[in-house]
Amino acid sequence: MKKDTRPPYRFSSIIELHQVLELPKPLHPLVSLFDNTQIAVNKKQLPSSFIFDFYSISYKKKTKGRTGYGQSYYDFDDGTMTFVAPSQLVATSRETEYFGISLLFHADFIRNYPLGKLIKRFGFFSYESNEALHLSEKEKEIILNLFKNIRTELENPIDDFSQDIVVSHLETLLNYSNRFYKRQFITRKTVSHDLLSQLEQILDDYFASEQGLHSGLPTVEYLASRLNLSPRYLSDMLRSITGQSGQQHIHEKLIEKAKEYLSTTNLTVAEVAYKLGFEYPQSFNKLFKNKTELTPVAFKARFLSS
């Protein structure tokens with residue numbers, strides 16, 4: 001099959017997406033909730049990759065085909081959720097079939113509410129598709145009831161309270177999703193600990209090969225790409241296991257390696273700094289003292305022969 005080389009299609013409005021999918025006109029121009037089985041258009045006529053200018057929350061009961069971001073694909077099980085923020089690239093295979101519910105809302109719909117500012121705290125909008133939320137039966141029931149409440153309110157005649165109620169339901173949906181993601185990190189501890197072991201090996205290899213001399217300090221983005229994870233998911237996973245973010249974990253590893261160099265070699269402080277990937281020794285000195293309450297020179301002096 002010939003590879004689709006067309007640029008991703010950008011949906012600038014929810015109304016436009018409804019038109020392309022041959023769905024009825026949305027009940028509200030800035031928010032929509034529909035069953036994916038209502039999509040009437042032939043799937044082969046749809047773009048293979050696209051970008052939304054609005055948020056999308058999807059609950060998948062069952063799917064055929066694959067959906068993903070970039071080179072990552074995820075084969076959905078029964079009862080999963082995905083979250084897409086504006087301007088994220090989404091790619092689907094031509095065989096993909098969706099059975100579930102999609103909730104779309106524009107940032108303007110929540111802009112004058114606290115949620116408009118708080119929505120960025122929900123890190124799962126930065127996750128990749130292969131980091132989807134897997135729901136238990138009880139969790140599915142809660143999510144479906146929230147979708148039902150939103151649909152009911154959208155179908156009611158619009159009054160002064162309509163938007164307030166929909167935004168309230170939406171915030172509740174996001175809060176529950178956040179709780180369920182935290183649960184997922186706990187229940188998938190075996191997977192998470194395997195990833196942590198891989199991360200430690202990647203960092204060990206990075207320092208052993210002295211990659212810092214030409215690539216600089218290891219970054220969360222670098223580690224995430226090596227593990228085929230999004231940076232946000234990696235940091236959230238690490239917090240659930242170690243209580244530290246990705247950046248904090250890197251700093252801890254840097255200090256550990258720095259102590260090894262300072263105590264077992266004749267390298268100067270500047271040479272240690274460059275070896276680890278610091279551009280300036282002053283930056284290394286500042287981090288080391290912040291983490292250990294000692295300067296690198298003072299730490300090294302402890303191990304010098306009298």
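This report walks through a predicted protein model, from the whole chain down to single residues.

## Ground rules

Because the model is predicted, local features need pLDDT of at least 70 and side-chain atom pairs count only at pLDDT 80 or more, while totals for chains, interfaces and linings use all residues. Residues are numbered from 1 along each chain as its sequence is written, and side-chain values use heavy atoms, with hydrogens and water left out.

## The whole chain

Let's start with the big picture. The protein chain has 13 helices and 10 strands. These elements are DSSP runs numbered from the N terminus: helices are H or I with at least four residues, and strands are E with at least two. Of the 306 residues in the chain, 47% are buried. Here buried means under 20% relative accessible area, exposed means over 50%, and partly exposed lies in between, using a 1.4 Å probe and protein chains only.

Helix H5 covers residues 162-187. Its 26 residues should span 38 Å at 1.5 Å a residue, and its end C-alpha atoms are 37 Å apart, so the two values agree. The expected span is 1.5 Å times one less than the number of residues. Buried residues in H5 include Val166, Leu170, Leu173, Leu174 and Ser177. An α-helix has 3.6 residues a turn, so residues three or four places apart point the same way.

Helix H10 (residues 246-264) has 19 residues and reaches 27 Å from its first C-alpha to its last, close to the 27 Å expected. Among its buried residues are His249, Ile250, Lys253, Leu254 and Lys257. Gly246 also belongs to helix H10, and Gly246 is buried at a relative accessible area of 2%. Leaving aside neighbours within four places in sequence, Gly246 is in contact with Val220, Ser235 and Leu238. Gly246 and Val220 are 26 residues apart along the chain, yet their C-alpha atoms are separated by 5.7 Å.

Where does Tyr206 lie? Look in helix H6 (residues 189-208). Tyr206 has a relative accessible area of 3%, so it is buried. Not counting residues up to four places away in sequence, Tyr206 touches several residues, including Gln211, Leu217, Pro218 and Tyr222.

Phe125 sits in the loop between helix H3 (114-118) and strand S10 (133-134). Is Phe125 buried or exposed? Phe125 is buried, because its relative accessible area is 4%. With residues up to four places away set aside, Phe125 touches, among others, Tyr55, Phe83, Ala85, Phe105 and Leu174. Phe125 and Ala85 are 40 residues apart in sequence and 5.5 Å apart in space, C-alpha to C-alpha.

## A pocket and a cavity

On a 1 Å grid over the protein atoms alone, a cavity is a set of points where a 1.4 Å probe fits but cannot get out; a pocket is an open set with protein on both sides within 12 Å along at least five of seven lines, and lining residues have an atom within 4 Å of a point. The second largest pocket is lined by 15 residues, with His18, Lys25, Leu27, Leu33 and Phe34 nearest its centre. Strand S2 (31-35) and helix H4 (137-155) are the elements that give two or more residues to this lining, and S2 gives the most, with five.

The structure holds two cavities of 30 Å³ or more. The second largest cavity is lined by 11 residues, of which Thr82, Phe83, Tyr127, Glu128 and Ser129 lie nearest its centre. Strand S7 (residues 80-84) supplies the largest share of that lining, three residues.

## Positive phi in two loops

Ser87 is not a glycine, but its phi is positive, at about 75°. Ser87 is found in the loop between S7 and strand S8 (89-92). Glu293, also a residue other than glycine, has a positive phi near 65°. Glu293 lies in the loop between helix H12 (281-292) and helix H13 (296-301), and Glu293 counts as exposed because its relative accessibility is 71%.

Conventions
Contact = heavy atoms within 4.5 Å. Points joined across faces, edges and corners; volume = space filled by probe spheres on them.
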